[in-house]
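Below is a short briefing on one protein model.

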Amino acid sequence: MDLSELQARALEIATLYDRHHVAAGREPWSTGDLMLGFVGDVGDLAKLVMAVDGRRVIPDAEAGLGHELADCLWSVLVLAGRYGVDLASEFARMTDGIEQHLQSGEGTAAVQAGAGTN
């Protein structure tokens, strides 16, 4: 699947979740709810990365790593869709900017000085 196909699939699943919540007498998730879920998934991902890297013990951490990465991707795709963000264009713009910054020599000076590039 390419990025647009992944996003379409993520949005289909988000719609199913919304229907499920409404059928259960709850509100569909807002973008704020999605963001909080994403933060939880990132925390879960951090724990799994630590386990895979040997800094924490979680049974079957390697098996869960792909699932948690996919959970995080799902959240990013749905949030981008709900906010109308063209991820492909934004990703290209962001990586082009980083590349230009690093190739200009400014990135090396910033790293040597201990500064970030955010």
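Does arginine 9 count as buried, partly exposed or exposed? At 43% relative accessibility, arginine 9 counts as partly exposed, where buried means under 20% relative accessible area, exposed over 50%, and partly exposed in between (1.4 Å probe, protein chains only).

This is a predicted model, in which local features need pLDDT of at least 70 and side-chain atom pairs count only at pLDDT 80 or more, while totals for chains, interfaces and linings use all residues. Residues are numbered from 1 along each chain as its sequence is written, and side-chain values use heavy atoms, with hydrogens and water left out.

**Overall make-up**

- The protein has five helices and zero strands; helices (H or I, at least four residues) and strands (E, at least two) are DSSP runs, numbered from the N terminus.
- Along the sequence the pattern reads α-α-α-α-α.
- Of the 118 residues in the protein, 18% are buried.
- Among contacts with a separation of 6 or more, 59% come from residues 24 or more positions apart, a contact being heavy atoms within 4.5 Å.

**Salt bridges**

- The count of salt bridges is three, each defined as a side-chain nitrogen of Lys or Arg within 4 Å of a carboxyl oxygen of Asp or Glu.
- Arginine 9 pairs with glutamate 12, and their closest N and O atoms are 3.1 Å apart.
- Arginine 9 and glutamate 12 are separated by about one helical turn because they are three residues apart in helix H1 (residues 3-23).
- Glutamate 12 is partly exposed, at 44% relative accessibility.
- Aspartate 18 and arginine 82 form a salt bridge through their side chains, at 3.0 Å from N to O.
- This pair links distant parts of the chain, with aspartate 18 in helix H1 and arginine 82 in helix H3, 64 residues apart.
- Aspartate 18 is buried at a relative accessible area of 18%, whereas arginine 82 is partly exposed at 32%.
- Arginine 93 and glutamate 90 also meet in a salt bridge, at 2.5 Å from N to O.
- Arginine 93 and glutamate 90 lie three residues apart in helix H4, so about one helical turn separates them.
- Arginine 93 counts as exposed at 54% relative accessibility, and glutamate 90 as partly exposed at 35%.

**Helix H4 and its surface**

- Helix H4 (residues 87-103) has 17 residues and spans 24 Å from its first C-alpha to its last, close to the 24 Å expected at 1.5 Å a residue; the expected span is 1.5 Å times one less than the number of residues.
- Just after H4, glycine 105 has a positive phi of about 95°.
- Leucine 102 is in helix H4 and is partly exposed, with a relative accessible area of 46%.

**Serine 75**

- Serine 75 sits in helix H3 (residues 61-83) and counts as buried at 3% relative accessibility.
- Leaving aside residues up to four places away in sequence, serine 75 touches Phe38 and Asp41.
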